[in-house]
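I am opening a notebook on a structure that is new to me. The entries follow the order in which I looked things up.

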Amino acid sequence: MKILAIESSCDETAVAVVEDGRKVLTDQVFSQADLHAVYGGVVPEIAARGHIEVIAQLAQRALDEAHVAREELDAVAVTYAPGLIGALLVGVNFAKACALALQIPLIPVHHIRGHIAANYLAYPELKPPFLCLAISGGNTLLADVRDYTDIHIMGATRDDAAGECFDKTARVLGLPYPGGKPLQELARTGDEHKYPFPLAQVHGEPYEFSFSGLKTAVVNLVHHEQQLGHALDKPSIAASFTRTVSDSLVPPTIAAARETGYNQIVVAGGVAANTTIRSDFQRAVQAEGKKLYIPPLRLCGDNGAMIGSQGYYEFLAGHTADETLNAYATLDVSEDYPPASVKNP
């Protein structure tokens, strides 16, 4: 089954062709990072306009690169939630037009389910059930993945996502957007124990996360040092911040794996590209005698291939849509389509 997959939830326009949920025939990604760098973050209106400008050409390029004719496509999958609403609507409407014109099924895919599915592309042997930590610019959550479309949230961030904190910390240190990679490079020469940033925990909720206090602590430290005229040890700030984020993520994930009894631990999302977090998970999971799955760097960020992979399993579960498909800025990853909030009584 060949699926044309479309992702436009934020500032990457991505179109892929995926076969049977596991084989990537092509994965085309157009990044808008340069457009938003001058603003230090994503501007939703600019992102939506950027998607409009390139999505049709990118889809044609994907078909050409995959050597697949339009008539050979069996379905269209698209990210419909969560994300920037204007950006999502571009992808959703383009996908609806494709499905209508080609008379093939339309498959709605939750963005976080897509990030989880990126591991299916990297590891053909991986099958549910497993525990997954999804960490990205807009989400941080622990999920009990019982089956491909049966996902239960064990815990999530109460405020900011880990990826957002990386971007905000990078910005206050004068680093370019997106901040994840520059911050990682800066941290290489720093002392990760120099600054004891707060490690937030939610009382009585061992699998919940909180990062707003950490973000505020970094901002206050930088401003305080600048006001006193002190030279900033930026590498150590970056390293200490990264160490705190990793220490906030790894122990709860290991604890959740123990509770569920799963031997497979999956990490997904853009923040999974961070080298400190990857190495910390590798050591911790190995010490537990369990198996760790983290996608290669090319599959950590937003891409169309992950949407095509999850789309295949959504299709097998009967989760398809018609021309009334809408986009949603926020949506629980455990909800199937259509969301409970919009189902007819």
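Entry one, a pair of helices. I looked up helix α5 (residues 162–172) and helix α7 (residues 212–227), whose axes come within 10 Å and cross at roughly 5°. Angles under 35 degrees count as roughly parallel, so I note α5 and α7 as roughly parallel to each other. From α5, the contact takes in E164, C165, K168, T169 and V172. From α7, I listed K215, V218, V219, V222 and H223. I sorted the residues of this contact and got 5 nonpolar, 2 polar and 3 charged. I keep in mind that the model is predicted.

Entry two, cysteines. How many disulfides does a search of the whole structure find? The search finds 0. I then checked C132: the closest cysteine sulfur is in C300, 11 Å from the sulfur of C132. C165, which I had already listed in the contact of α5 with α7, is in no disulfide either. For C165 the nearest cysteine sulfur is that of C10, 15 Å away. I also looked up accessibility: C132 is buried at 0%, and C165 is buried with a relative accessible area of 0%.

I found S136 in the loop between β6 (130–135) and β7 (140–147). Is S136 buried or exposed? Its relative accessibility is 8%, and buried means under 20%, so S136 counts as buried. Setting aside neighbours within four places in sequence, I find S136 in contact with I112, A161, A162, G163, E164, G269, G270 and V271. One of these, E164, is also on the α5 side of the contact with α7.

I placed H36 in helix α1 (residues 33–37). H36 is buried, with a relative accessible area of 0%. Which residues is H36 in contact with, leaving aside its neighbours within four places in sequence? I wrote down D11, G41, V42, V43, I46, A47 and Y177.

I counted 27 residues in α8 (residues 234–260). From its first C-alpha to its last, α8 reaches 40 Å, close to the 39 Å expected at 1.5 Å a residue. I noted α8 as mostly covered, since 19 of its 27 residues are buried. Just after α8 comes G261, for which I recorded a positive phi of about 80°.

Notes
Residues are numbered from 1 along each chain as its sequence is written. This is a predicted model: local features need pLDDT of at least 70, side-chain atom pairs count only at pLDDT 80 or more; totals for chains, interfaces and linings use all residues. Side-chain values use heavy atoms; hydrogens and water are left out. Helices (H or I, at least four residues) and strands (E, at least two) are DSSP runs, numbered from the N terminus. Buried means under 20% relative accessible area, exposed over 50%, partly exposed in between (1.4 Å probe, protein chains only). Contact means heavy atoms within 4.5 Å. The expected span of a helix is 1.5 Å times one less than its number of residues. Axes are lines fitted to C-alpha atoms, for helices over the stretch in contact, and angles run from 0 to 180 degrees between N-to-C directions. Angles under 35 degrees count as roughly parallel, over 145 as roughly antiparallel, 65 to 115 as roughly perpendicular and the rest as oblique. Ala, Val, Leu, Ile, Met, Phe, Trp, Tyr, Cys and Pro count as nonpolar, Asp, Glu, Lys and Arg as charged, and the others, Gly among them, as polar. A disulfide is a pair of cysteine sulfur atoms within 2.5 Å.
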